[in-house]
Amino acid sequence: DLEKLKSWIDSWPGAESLLDYRIDYYDPKGDHSIGPAGLTEISRTEDIFGNVTVENQYCFGLFYTAEKDADANAQRILDFQQWVQQQDLQHRTPTFGDLPLSERITAGNGALLTAAAEETATYLLQLTVNFKKFYEVN
């Protein structure tokens, strides 16, 4: 699932500066990274046959380091968030569950994490994926 998400992020028109990001590792000296924060089960329902539908949520932290330019960096984060929203509404996001039309991906909480003396700033953005899995009981 992580590679699927990374490939999708790479398709963002502004991704040229993110192409060399790391998975689950962040160097505060200047790096781009995607860090999985795990899977959370949101709900579980069972039908009369014992089959179970589970609503899950993945959370990822996207770390983006760039030169200190508050206006440009803030706009870049907003552009990415709007792109994620558009992709989600048009069902162009990767599929993680068994019911693709019920899936939702959001990008939120974009904020300045640190500003280094070396004229760089690091931002953290939360990417959330909600999806449903169906488990058939035999």
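1. Of the 138 residues of the protein, 40% count as buried, where buried means under 20% relative accessible area, exposed over 50%, and partly exposed in between (1.4 Å probe, protein chains only). This is a predicted model, in which local features need pLDDT of at least 70, side-chain atom pairs count only at pLDDT 80 or more, and totals for chains, interfaces and linings use all residues. Residues are numbered from 1 along each chain as its sequence is written, and side-chain values use heavy atoms, with hydrogens and water left out.

2. The secondary structure consists of 2 helices and 5 strands, in the order α-β-β-β-α-β-β along the sequence. Helices (H or I, at least four residues) and strands (E, at least two) are DSSP runs, numbered from the N terminus.

3. Helix α2 covers residues 70-89. Its buried residues are N73, R76, I77, F80, Q81, W83, V84, Q87 and D88. These lie on the same side of α2 because they cover an arc of only 155 degrees around the axis, taken from the directions from the helix axis to the C-beta atoms. On the other side of α2, D71, Q85 and L89 are exposed.

4. The partners of the buried residues of α2 are α1 (2-10), β3 (52-67), β4 (104-115) and β5 (120-135). Just after α2, H91 has a positive phi of about 55 degrees.

5. T120 lies in strand β5. T120 counts as buried because its relative accessibility is 19%. Leaving out residues up to four places away in sequence, T120 touches T65, A66, E67, K68, T114 and A115; contact means heavy atoms within 4.5 Å.

Note on methods:
Expected span 1.5 Å × (residues − 1).
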